[in-house]
Each structure stands twice: as structure tokens, then as C-alpha cells.
Amino acid sequence: MSDWHSWLFWPDSVALSVLALGTLAMLFLYAARTPMHGVIHSLCHLVTQSTRFFSRWLFLSAENLRLRNQSVLLAHGQEGAAQIIEREFERVADIIRKDLHEFPALQRKLMEEVTRIEEDYRKSGEIPPPPPEWVNALESVSKLKSGGDIPRKLLEDIHKSIQKIHDKTLSEYRRSYEERHKILKAAQPAWRSVDKLASEMEKKMLTLQGNAKQIDGHITKYEGMRTRDSKTEHALTTSAFVQFFISGLVMVIAMGGAFINYKLIALPMSEMVGASDYITDSLKTSDVAALVIILMEASMGLFLLESLRITQLFPRIASMDDRMRHRLMLASLIFLIILAGIESSLALMRDMLITDKASLMRDLASVAPVVEDGWFTRIPMAGQMIMGFVLPFALAFVAIPLESTVHSLRTVIGVLLVQSMRGLAFVIRFVGVMFKRIAKVLELVYDIPIVIPIMIENWVKALRGNVSDKGQIKSGSTS
Amino acid sequence: MKRILLIASVLFGSLFVTACGDSRMHSHAVYMLVDTSGTYAQEMNKATRIINYLLASLNSGDSLAVAKVETRSFTEKDIIAKVTFDKRPSQATTQKRAFKAKIEEFAKQPLGSAFTDITGGLIQGAEYLNETQAGIKTIVIFSDMQEELGQGTVRDFPIKLDGIRIVALNVTKLRTDNADPRLYLDRLARWEARVRKAGAVEWVMVNDLENNMESILKTR
């Protein structure tokens, strides 16, 4: 209360004091109007310029990042496409090496078969023996007009001879046809063989053609990447996102498996490392040990798949010579089998511990022991043991989605970062524009309390203007 | 491959080295005093149930001791059974069975003492619990909390129960309490004040053994 009273000129008359203070403040604000407008304008201008500069920098950085992402994406895509093309070429080379290296022999065989068929065909095409010459003589005799026994006898002899010759010719003709049929029959397998060879060749050529088409497709993609085609870039980005989500999903499933695995071995691990040991306040050593076992299994799986060249997360392993890689593969596999064995025995131990504890609880509660129902009560134990052995191998395959995640994560993060930077740049630019407009608003707001002096100023200006106008008019009229 | 072997051995090594960390701070130690004087001698089956509950609830690394309250209880001879459970759960289960057998054997013996030296039992219990170096220390008193000291037994001095929880179980009302309930309430209030003054972190009373057994080990 006394604080604001000290501001009053005349504490007894508050209204008068406030009026005096208001007038003084108004006068001060009016006097400081031009510099204050300058300050407001400068500050807003400063903010506008700064935000503009920052926004521009963000846009440029986003663009640089996009270009870098594009380079990485295309390089990665090129690498992938080159690998696929290489594999396709390998397949083609395999087909050529396996199937088409027999092509000359096949061709020779085909030609032989064709020659044989042609020969057989030629043989089968023999013309039947022509009718004997005496047919014409017979015709001449038959045209004789004079009757008698001589022509009749002659004709009978001729008839007999003809009949004889006819029979002989017919039998020869039949034999000849039989032989030709035999030749044609013998040529049948050759035709079939030719047909088979031709269809085989067609099939191989079709496979080769399919491979060639695939290679063409990959080469087109590769060319698109080389020319930095936006369509290809978009396709690669989309593919990276799809890959990221799919591999993420698989990873989540694998994590579920790992969790089950962890639950399976956490309790029996306490038998090995002690149930009452803690690393931190809430972190049991046995839990950490179980986790380490699972992580080691995953690592061994990773090394195994690396050495099998299924994944390529470690260039060092990929560039190893085959003998060394083979050794690494064997070592990883042995470790994995050992760990799977350990886990299986831990699963058995878990079952034993649980059974023992349940028995103790029954003893403590003075409840009659449960009678064993038979072999099927052992099923959960067997199931646990099998799971304990199988899960590490299943977990080993997590390396594949992990590789996909790692590779696609860079693209995904890059795209998200670029979009975030662009979004932020837009917001900052918007704020800058707002400040540009707000400067005028602040000037007007400043002018509101000093509206009376401004009005007086305008009035005085108007008055002066009128006076000077009148003076000018007067001077104009006298001149 | 040598490098991989080295990494694997380092991992295994670190696993077993870390397994050797101090675990006492996370363990629970319980000292149970069982009143064997007068009518309380007939309550032994109830005490056995509580001991069984403790056996079922305590884990590897925890400690449990059961002692009887007699004419003069500040002696280790009054400890019926004591155990610190092994780190391995399978061994701990075996120890629990052996402990249960000891308690059952004790319960079969004829009980009954002329006086009730609760303070002596508390001092003995505190000594035992401090030796265990457990993170949570609890003294469970299965008694009507009516202390009756024999001639020559001196217990009217300040005791030390720093960092120990005190749980009074099955505090039955005496005939005189029924006549004047203030006696019962005053007795409990006096004990609470005494143990709190001695440095006890908590005073819990559990009379409903059917539904409130969890309060014995539950810390606030």
C-alpha cells in the first residue's frame, strides 16, 4: 500500500496525483515515440532477419543432408543391384557351363539324327517297279482283228506269263513296301530323339531368355541409379521404409522369442551364479547372466551367418579367405551348439527346481503330495528342453533382420531428419514473417496511450499546413 | 578366431566375476521369538504355521532363526534353529526342509517356563541380526508381550535395536486385560515406545494370522 503511495505527488489527492503521473508518462512516451518506434522496428527486424537466416540455413542443411542421403541411398542401391546382377550373371554362367557346354555335341548328335532320317526317308521313297515292256505288245496283239487260235493261244500264254510276272511283281512290291515300312519304323526313335533334343534346347534357351530379361530389368534399375533418377530414388526410399518396418516386425518377434528364452534360463542361472547376488539395487546377477547367455547366442548366430556370407555386417569377415571363414563358421557353430546344450540343461534344471519348490510348498502347507499321473506329466519338461535347444538356433537368424534394420535405418533416419529440418525451417520462417508484421502492430499499440499528444500534433501540423497554404496563396496573388 | 575366443572368455569371465558381488544388502534376516511360558506353550502349532510361512517366503541368501523365550533368554542356547539359506535355490530348499524338521521335533517336546524374558530375547535377536549384515532385519515376537522376569534378572536398561523391524504376533489378551482393556493397550504402547526408543525402524502388530500374514515381511 505504502509502495504505490510513494509514487503520488500529493498523497492526499490520489486522482490528481494519478492524473499528473499519467500526463507525465504520456509526455515521456510521446517524447520517446520516435526512438521507441525505432527500437520496436529494429528488434522485429532483427528477429525477422535472424529467423530468416536460420530458416535458410536449415533449408540448405536439409538439402545438403538430402543430397548426402541420396548419394548414400543410391550408392547402397547400386551396390545391391550390382550384387543381384552379379548373381544373375553367375546363374547364367552356371547354365551355360552346365547345359550349353554340351551344345556342340548336342548339335552334332542332332545333325547325325537328321542325316539318318533323311537317308531313311530317301530309302523309303523308292519308286515301285514300272510295268513290263510287253504290256504295250499285249495291247498291240489285242488290237489284231483276224480271229483264230494263234492269237488266242498267244494271248493265253501271255496271260499266263503276265499272271506269273504279276504275282512275282506284287510279291516283290509288297516286300519292298515292307522293307520301307521297316526303315520308317526304325526312323521313329530318331524323330523322337530329335524332338526331345529340340524341346530340351528350347527349354534351356527359355531359361536363359528369362535370366536375360531379369538382367535387363536390373540393368535398367542400375542405370536409373547411375543417372540419379528421382523415380528410382523414390523407389529405393520406399523400399528402405518397407524393409525397416518388416525387419522391425521380425525383430519384435525375435525379441519375444528372446524373452521366452530369458524366462526359461533366468531361474536356473541362479543355481550357477547365486540367487542372492545383485549387480545394482534391482538387477540380479542371475538375470544379467541369463541375458548375457542370450546375447552371446545371438552374437554367435551373427558370426555364423556372417561367415556363411548370408549377412555382411562385418567387412572383415566378408573379406576373409575361405579357409579362415570356414574355421570361423565351425567355431561359431560349435559355440552355438554348446550354448544350446547349456540352455537345454538349464531348462531341465528349471523344471527340477520348480518341482522341488512345489514339493516343499506342499510340505510347508501340510498338503498331501500330488500323485504322478504318468508319462504326460513329463511333456512340459521335454517341451522346455526342446525349446531350450531350438531357441538359440532360431535366435541366430535374427542377424538377417538386424542387417536389414541397420541398412534401412540410415535412410529412414535421414529422411525423417530432412523432413524435421524442413518443418522446423518452415515454422521459423513463419515466425519471422509474423515478427515482420507484428512490428507495425506494436507501433500502433505503443501509440494508443499517447493518442492525445498525437492528435494535438496532427492538429498543429494541419494548422501549420493551412497557414503555409494561405501564405503561398497570398504570395501567389501579389506576384 | 583368436580374437573371438578372447572376447568370449572375457565375457564369461566378467559374468563370473560380477557374480561375486556383495549380496547381503539385499537379503532379509528374520529372528523369531516364540513365547513358551504358560498358556502360550499350547500355541505352538500357530507358531509352526508362521515359521512355515517364513520358510516359504524367504529366499536364497536370507537368514532365519527361531528362538524360545524362557526365564532368561539372552543366550544362544535358546535358539532352536538358525540358518542362512544357500545362494543356490536347490540347496536352499534342502535347508528349508531340514529347518522344518528341527521345528517339528521341537514342537513335540514338552514346553513351559516359569518366566518370560522378552527383553533378553530381543537383545539376543538384535545381536544375531546384526551379525548377518542383512539389508532388512526383522524380529518377530510370538507372545502376549507380558514380560515376567525372574529374581536377579536385570533388564531395565536401554537396549539397541537400530535398523530393526519389530513385529508382534498373536498378542493375546490376558484375563486381567479383559477386566481392564487399558492394561492391554498400555502394555502395547509401552513396548512400542520402548522399541522405537531403542532405534527400531518399524513396529507392526499382527493378530489376524489368517489374512494378515504378509505384514510380517512386508516393509513400508
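Predicted model: local features only at pLDDT ≥ 70, side-chain atom pairs only at ≥ 80, totals over all residues.
Q: Why is B:Met145 called buried?
A: The cut-off for buried is 20 or more other C-beta atoms within 10 Å. B:Met145 has 20 other C-beta atoms within 10 Å and is therefore buried. B:Met145 is also a loop residue, placed between strand 4 and strand 5 of chain B.

Q: What is the phi of A:Arg309, and what is that of B:Met145?
A: Phi is positive for A:Arg309, about 60°, although A:Arg309 is not a glycine. For B:Met145, also a residue other than glycine, phi is near 65°. As background, most residues other than glycine have a negative phi.

Q: Why is strand 5 of chain B called largely enclosed?
A: Six of the six residues of strand 5 of chain B are buried, so the rest of the structure largely encloses this strand. Both faces are covered: B:Ile164, B:Ile166 and B:Ala168 are buried on one side, and B:Arg165, B:Val167 and B:Leu169 are buried on the other.

Q: How do you know that strand 5 of chain B pairs with strand 4 and with strand 6 of chain B?
A: Pairing needs at least two bridges between two strands. Six bridges join strand 4 of chain B to strand 5 of chain B, and these strands run parallel. B:Ile141 stands opposite B:Ala168 in strand 5 of chain B. Strand 5 and strand 6 of chain B pair over five bridges, in the parallel sense. On strand 6 of chain B, B:Glu202 is the bridge partner of B:Arg165, and B:Val204 is that of B:Val167.

Q: What makes strand 3 and strand 6 of chain B edge strands?
A: Strand 3 (79-84) and strand 6 (202-206) of chain B each pair on one side only. The open sheet of six strands in chain B has the order 3-2-1-4-5-6, with mixed pairing. Its neighbouring strands are turned by 15° against each other on average, direction ignored.

Q: Which helices lie across strand 1 of chain B, and at what angles do they run to it?
A: Helix 2 of chain B runs at about 175° to strand 1 of chain B, and it lies across strand 1, strand 2, strand 4 and strand 5 of chain B. Helix 4 of chain B runs at about 160° to strand 1 and lies across strand 1, strand 2, strand 3, strand 4 and strand 5 of chain B.

Q: Which residues touch the most other members of the largest nonpolar core?
A: Among the 44 residues of this core, they are B:Met32, B:Leu33, B:Ile139, B:Val140, B:Ile141, B:Phe142 and B:Ile166. Apart from neighbours within four places in sequence, the contacts of B:Ile166 include B:Ile139, B:Ile141 and B:Val195.

How values were computed
Residues numbered from 1 in each chain as written. Chains lettered and ligands numbered in written order. Core = buried A, V, L, I, M, F, W, Y, C linked by C-beta atoms within 7 Å. Buried ≥ 20, exposed ≤ 12 C-beta atoms within 10 Å, placed from the backbone. Contact = placed C-beta atoms within 7 Å. Helix = DSSP H or I, 4+ residues; strand = E, 2+ residues; numbered from the N terminus. Axes fitted to C-alpha atoms, helices over the stretch in contact; angles between N-to-C directions.
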